[in-house]
Structure formats: structure tokens, C-alpha cells
There are 2 protein chains.
Amino acid sequence: MSHPSKTFSKQASKTLYEIIFNRRDVRGEFNNKPIADEVLARLLIAAHHAPSVGFMQPWNFLLIQQETQRTAVHKLFQTANEEAKQQFDSERQNLYQSLKLEGLLTSPLHICVTCDRNRAGPVVLGRTHMHDTDLYSTVCAVQNFWLAARAENIGVGWVSIFHEAELKKLLKIPQEIHIIAYLTVGHVNSFHQTPDLARKGWRNRLNLNDLVMHDEWNNHKNNNLSDHIQSQLERLNPDPKNPENKS
Amino acid sequence: MSHPSKTFSKQASKTLYEIIFNRRDVRGEFNNKPIADEVLARLLIAAHHAPSVGFMQPWNFLLIQQETQRTAVHKLFQTANEEAKQQFDSERQNLYQSLKLEGLLTSPLHICVTCDRNRAGPVVLGRTHMHDTDLYSTVCAVQNFWLAARAENIGVGWVSIFHEAELKKLLKIPQEIHIIAYLTVGHVNSFHQTPDLARKGWRNRLNLNDLVMHDEWNNHKNNNLSDHIQSQLERLNPDPKNPENKS
């Protein structure tokens with residue numbers, strides 16, 4: 001006999017869409033209010049219930065709370081960010097330099113999310129042909145964590161401007177473990193309504209209909225779905241015009 | 001003047017946790033009820049509002065609905081799965097063979113989610129030092145899609161037993177585009193309460209406390225957080241004992 005499974009209401013999906021649309025990559029708005037262990041526990045449980053290839057659960061969560069460690073990580077960022085800046089042309093460099101790209105010193109908690117590729121032995125169900133699916137599973141855990149944090153009104157920023165080898169050395173992470181994400185986590189003064197990089201003129205949201213294809217690559221057909229994407233965008237309003245610029 | 005941002009209620013986070021805990025990797029329960037374009041539009045909007053490195057939005061969504069294409073994809077799976085099976089030792093092979101690993105013929109819609117690494121030019125903000133962050137952004141889009149689908153009571157299965165080159169050829173995907181996920185999508189008769197691979201005895205849920213470390217690798221300390229993880233697991237009950245085995 002099949003067991004009845006949970007049916008979610010319209011209200012539940014509406015709530016999820018609001019959480020998804022209001023999630024931000026937080027850099028400048030952290031405050032130093034500590035995160036309650038009870039809340040952090042729930043965020044980690046959400047991460048741990050991500051899908052994983054072969055039910056491998058290849059993730060670890062390395063929590064960095066010591067101030068000396070957070071400061072040392074910030075130094076690694078500064079060096080790498082100086083190198084990163086040089087890679088853009090001179091006009092972009094000015095804009096790049098004006099962007100706040102991390103909240104490493106202002107967030108009370110960092111989490112290094114890693115992937116142990118050997119967790120389930122050498123042969124993993126579902127990873128035999130697409131070998132990077134274990135890395136991708138770990139990203140699913142990151143995204144669960146991020147959405148759960150937003151629903152708990154806690155900010156998360158993903159910082160990726162580091163030399164992985166130096167970060168591993170500092171955190172004593174073994175060579176064979178992969179760093180997937182380095183997250184800054186904390187309460188925030190507010191969440192912006194639009195992504196920083198859109199608001200600052202770095203890059204805009206693309207048109208979703210341009211990204212959808214049918215049955216084979218580059219087959220963009222105008223059909224019912226395109227119309228529905230347009231009308232659902234108007235109804236859900238995921239990218240409100242930002243009044244923050246006007247103040 | 002800072003603009004007030006959305007504050008989510010306790011009820012909102014409770015809803016999100018329920019969605020996360022009830023999401024399944026669906027293989028055997030699809031039915032042939034078509035997905036309304038209005039709903040599919042919302043799922044794609046949710047995916048498109050994932051975070052992305054440098055706001056790159058490197059994803060495309062290739063929707064496969066033609067039966068000839070879905071059948072051809074299933075053939076690719078069959079060949080690869082026969083190879084995959086051979087990689088396990090003989091005891092595991094019997095169990096492997098008994099597992100339902102895809103719903104390619106029963107789901108009315110497949111989505112190939114890809115990553116265009118050149119979307120934002122050769123130098124991407126945030127990808128200068130960790131080059132795979134664009135692949136990871138695309139996985140965030142997959143996870144948003146998956147959770148949104150669950151909230152709309154629609155099943156998703158991630159199938160990864162393919163030769164990527166053959167799948168690209170069939171779908172006319174250019175060489176330089178990366179396939180991140182191949183999803184089967186459809187209405188379902190029911191969702192299982194626990195992951196298939198746990199229920200079938202392939203692999204169990206790991207203990208979350210074993211996966212959490214502090215300030216440097218392998219530093220597992222028993223602290224308040226461990227106790228809170230235990231008590232929140234009891235409160236949220238994300239892995240209920242499965243009555244399905246008993247029937």
C-alpha cells in the first residue's frame with residue numbers, strides 16, 4: 001500500500017518563491033550579533049538534507065569562528081583580490097575597486113564547505129560516468145543552507161577570491177579534499193532588493209526566455225511557455241525596481 | 001536611507017524546511033499528467049534567480065519533450081548503465097540491478113541544464129581564482145528548480161549515468177558547453193518519505209555531527225552546537241521512520 005505523501009499548498013510555494021527572490025549574496029550589511037546555535041543547527045540540517053549522488057553526502061562543514069582565523073582568511077582574500085583586479089581592463093578596474101566583495105571581518109561566522117570525493121569508496125552509484133556530480137551535490141548543500149539562512153533572516157555571502165591551496169594550508173584541509181564554497185554568515189542590518197552587481201552597474205539580469213531551448217540546442221521557439229514566463233514574471237515580480245538608488 | 005527588507009516569519013522557515021526534507025530524487029513514481037506551462041514557467045523563474053558568480057547567469061535550460069528524443073536519451077542511459085553495473089563487485093551488482101535509477105520514459109519532460117563558461121567573457125568577477133564557480137552557480141539553479149518543483153508537488157530526478165559526449169551529440173550541444181544536470185520532471189503518484197537508496201539498503205544517512213568541524217580540519221569538539229543539532233533533529237524530524245517497508 002502506498003503511503004500518502006505531503007501535498008504542499010499554494011501558500012507554501014508562494015513562500016518558497018519569496019525566499020528565493022529575496023536571497024542575496026551579502027557583503028556589506030553584516031552586523032556583529034551572534035548567531036544562536038539553535039538556528040545554526042537548523043541551517044546545517046537543511047544543508048545535510050541536500051540531494052547527493054549515490055547518497056554519498058560528501059560534504060563537511062568547517063565552521064570558522066576564531067577571530068585570528070577569520071583575520072588570516074581576510075589577508076588571503078586581500079592578496080588574491082589585488083591580483084584579480086589586475087585582470088580587468090582599466091575602465092572596469094575602477095568599478096571593480098569600488099565594489100564590496102566580501103564581509104570576512106564583519107561576519108561572526110565563516111563556513112568552509114568541502115567535498116570528500118572518497119567518502120563512499122572509489123566507485124559511486126551515479127558518478128561512474130559524470131565524475132563531478134559529487135562536487136555538484138556539495139553545491140546543492142550550499143544552496144539549501146543559503147535559502148534556509150534567508151528564511152531565518154540571516155545573511156550569507158559566498159567569497160571565491162582566494163588561492164585554494166593557501167586557504168587549505170591555513171585551515172589544515174588535506175590535499176585530497178576539495179573546497180567548494182567559502183561562506184560568510186551573519187545577521188544583517190537589511191537585505192538589498194536587487195543583487196549588488198546589478199545595482200552597481202556591473203551586469204544585468206538576463207532575459208529568461210533567451211535561455212530556454214526546446215528539444216535540441218539553439219531551438220528557441222516562441223510558444224505558450226514564453227508567454228507564461230512573461231506573465232508569471234509580472235505576477236511574481238522577482239526583480240522589483242530598486243528604490244535604494246533614489247535615496 | 002536604507003530600504004526595509006522582507007522579514008520572514010517562523011512559519012516561512014518551517015515551510016522551507018518541510019520542502020527541503022520532503023524533496024526526493026524521483027525515479028519510479030512519475031505519471032503522464034502533463035505539466036502546465038504556467039507552473040513550468042515558475043520553476044524556471046526560480047532556477048533563474050539562483051546566485052551566480054559575477055552575476056554571470058551561465059545557465060541554459062534545454063527542455064526535451066519530443067518522445068523520439070526522450071527515447072533516444074533512454075537508450076544512452078541503458079548502455080552507460082550496463083557499463084556502470086560492471087564496476088561494482090558481484091554482491092553489490094545484484095542490489096544495483098534491482099534499483100530503479102531513472103524515470104526517462106515515464107516523465108513527460110526532461111531538462112538538460114548546461115553551463116556556458118564564456119557567457120561573461122574570459123575574465124569573470126569572482127572566478128579569477130576559483131575557476132569552477134560558474135559550474136557551481138549552475139548547480140544552484142538546479143537546486144532552486146528542484147525545491148520549487150517539490151513545493152508545486154512535482155517530482156524531479158537527476159540522472160547522471162550517461163557519456164556526456166554522446167548526450168551532447170544527440171542534443172546538438174556545442175563542445176564548449178558543459179552539461180551540469182539532466183533532469184526528469186513530472187507529476188508523481190506519491191513522494192517517498194525517505195531517499196530510495198536509504199530505503200533499499202544501499203547507503204544510510206550520515207550523522208551530521210560527524211561532519212561538522214571547528215576552526216581547522218578534524219577539530220570536532222563536543223559543544224553546545226552538537227547538542228542543538230541533536231535537539232533540532234528531534235524537533236524537525238527530517239528522516240521519519242519509513243512505514244513503507246511494512247506494507
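**Reading the interface of chain A and chain B**

Tutor: In this predicted model, 127 residues of chain A are in contact with 127 residues of chain B.

Student: How is the size of such an interface often given?

Tutor: It is often expressed as the accessible area that is lost when the parts come together. Here chain A and chain B bury about 11,400 Å² between them, and 65% of that area lies on carbon and sulfur atoms.

Student: How many salt bridges does the rule find across the interface of chain A and chain B?

Tutor: As a general idea, side chains of opposite charge can pair when their charged atoms come close. Across this interface the rule finds four salt bridges. One example joins Lys172(A) to Glu216(B), with 3.2 Å between the closest N and O atoms.

Student: Which element provides the largest share of the side of chain A that touches chain B?

Tutor: Helix 5 (residues 133-151) of chain A does, with twelve residues. By class, the side of chain A that touches chain B comprises 71 nonpolar, 35 polar and 21 charged residues.

Student: In what sense do strand 5 of chain A and strand 1 of chain B pair?

Tutor: Strand 5 (residues 212-214) of chain A and strand 1 (residues 59-64) of chain B run in the parallel sense, and their pairing extends over three bridges. Within this arrangement, His214(A) stands opposite Leu63(B), a residue of strand 1 of chain B.

Student: What rotation superposes chain A on chain B?

Tutor: A rotation of 180°, with 0.0 Å of shift along its axis, brings chain A onto chain B at an RMSD of 0.0 Å. The two copies are therefore related as by a two-fold rotation axis. The same surface serves both copies, since 100% of the contact residues of chain A recur in chain B.

Student: How many helices and strands are there in chain A?

Tutor: Chain A has eight helices and five strands. Their order from the N terminus is α-α-β-α-α-β-α-β-α-β-α-β-α. Along the principal axes, the C-alpha atoms of chain A fill a box of roughly 55 × 55 × 40 Å.

How values were computed. Residues are numbered from 1 along each chain as its sequence is written. Chains are lettered from A and ligands numbered from 1 in the order in which they are written. This is a predicted model: local features need pLDDT of at least 70, side-chain atom pairs count only at pLDDT 80 or more; totals for chains, interfaces and linings use all residues. Side-chain values use heavy atoms; hydrogens and water are left out. Contact means heavy atoms within 4.5 Å. Buried area is the accessible area (1.4 Å probe) that two parts lose on being put together, summed over both. A salt bridge is a side-chain nitrogen of Lys or Arg within 4 Å of a carboxyl oxygen of Asp or Glu. Helices (H or I, at least four residues) and strands (E, at least two) are DSSP runs, numbered from the N terminus. Ala, Val, Leu, Ile, Met, Phe, Trp, Tyr, Cys and Pro count as nonpolar, Asp, Glu, Lys and Arg as charged, and the others, Gly among them, as polar. Two strands pair if DSSP finds at least two bridges between them. Copies are superposed by least squares on the C-alpha atoms of residues with pLDDT of at least 70 in both.
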